[in-house]
Every structure is written in C-alpha cells, then in structure tokens.
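Subject: Structure handover

Hello,

Here is the structure you are taking over. Please open it alongside this note; my findings follow below.

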Amino acid sequence: MKTTRRQQLSEIMNLAWQFVKRNGFSMSDALKCAWANVKTRARMKLQIVHFYFRKVDGTMREAYGTLNERLMPAITGTDKRAKNCTVQVYFDTEKQEFRCFKKANLVYA
C-alpha cells in the first residue's frame, strides 16, 4: 500500500475518532463525515466546490469555496495564530474572503 494512501486512511480514522469523542457521533456517522471532509478538501484544492454546512447557531449555510492558489488572492504576511484541527478554512468565492466551518458540521459536499 502506498504511504500516501495509508496516510490518507490514517487521517480519516483520526478525524472519525475525533468526531466520536468530541461530538458524540456513532462510528458509522463519524466515518461518513470524515470521508466527506477529506473528499471536499481534496476537491477544493483543484476547483471551486459547492457544499453545505451547519452553522453554530443551527442554520444551514450554502458555500462556494476553494483552496486552489490560482483562484485565491495572494496571501501576504505571516500567520502566527495557533492552528485548530477541528475547523476547515476555505476561501469563499462569493464573499471574496477566507471563512471557516467546523469539520463535524459539514452536511453535504
């Protein structure tokens, strides 16, 4: 098995266990959500992706986002903030600014 495939599967299992422990998901739901997150991030690196997530206040948000550097403005400066593994950052192509959502709240990608 390729190490990249093994690393991807390891990332999915780690993310799923995080959902089980922190959010009270069943393992089945956690794996579905983890796969959706990994696939969405991979697609965002290539193109603009249409997806939905549940906001903290409970409402659904429709988003068009990307992580493709050709489709984003140039990033200047340094970011000294601590990284949070529970949120996914993306560039919102409608608002033209960076946004984020909790990985456990991804509903549809």
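Contact here means heavy atoms within 4.5 Å. One caution before the details: this is a predicted model.

**The helix pair**

Start with the two helices. Helix α1 covers residues 3-23, and helix α2 covers residues 27-44. Their axes come within 8 Å. They cross at roughly 130°. Angles of 65 to 115 degrees count as roughly perpendicular and those over 145 as roughly antiparallel, so α1 is oblique to α2. The crossing is right-handed.

Which residues of α1 and α2 meet? From α1 come Arg5, Gln8, Leu9, Glu11, Ile12, Met13, Leu15, Ala16, Trp17, Phe19 and Val20. Facing them in α2 are Met27, Ala30, Leu31, Cys33, Ala34, Trp35, Asn37, Val38 and Arg41. The residues of this contact divide into 15 nonpolar, two polar and three charged.

**Leu106**

Next, Leu106. This residue lies in strand β5, residues 106-108. Its relative accessibility is 8%, so Leu106 counts as buried. Leaving out residues up to four places away in sequence, Leu106 touches Cys33, Ala36, Asn37, Thr40, Phe51, Tyr52, Phe53 and Phe101. Cys33 and Asn37 also belong to the α2 side of the helix contact. Phe51 is 55 residues from Leu106 along the chain. The C-alpha atoms of the two are separated by 8.0 Å.

**Thr66**

Thr66 sits in strand β2, which spans residues 60-66. Is Thr66 buried or exposed? Its relative accessibility is 0%, so Thr66 counts as buried. The Thr66 side chain has two backbone partners to look at. It reaches the backbone oxygen of Met44 at 3.1 Å. It also reaches the backbone nitrogen of Asn68 at 3.0 Å. Setting aside neighbours within four places in sequence, Thr66 is in contact with Met44, Gln47, Ile48, Leu71, Met72, Tyr90, Phe91 and Thr93.

**Gln96**

Last, a backbone point. Gln96 is found in the loop between β3 (87-92) and β4 (97-102). Its phi is positive, about 60°, although Gln96 is not a glycine. At 52% relative accessibility, Gln96 counts as exposed, because the cut-off is over 50%.

Best wishes

Terms used. Residues are numbered from 1 along each chain as its sequence is written. This is a predicted model: local features need pLDDT of at least 70, side-chain atom pairs count only at pLDDT 80 or more; totals for chains, interfaces and linings use all residues. Side-chain values use heavy atoms; hydrogens and water are left out. Helices (H or I, at least four residues) and strands (E, at least two) are DSSP runs, numbered from the N terminus. Buried means under 20% relative accessible area, exposed over 50%, partly exposed in between (1.4 Å probe, protein chains only). A polar contact is a pair of N or O atoms within 3.5 Å; within protein, one must be able to donate a hydrogen and the other to accept it, and residues adjacent in sequence count only if both atoms are side-chain atoms. Axes are lines fitted to C-alpha atoms, for helices over the stretch in contact, and angles run from 0 to 180 degrees between N-to-C directions. Angles under 35 degrees count as roughly parallel, over 145 as roughly antiparallel, 65 to 115 as roughly perpendicular and the rest as oblique. A crossing is left-handed if the near helix is turned anticlockwise from the far one by less than a right angle, and right-handed if clockwise. Ala, Val, Leu, Ile, Met, Phe, Trp, Tyr, Cys and Pro count as nonpolar, Asp, Glu, Lys and Arg as charged, and the others, Gly among them, as polar.
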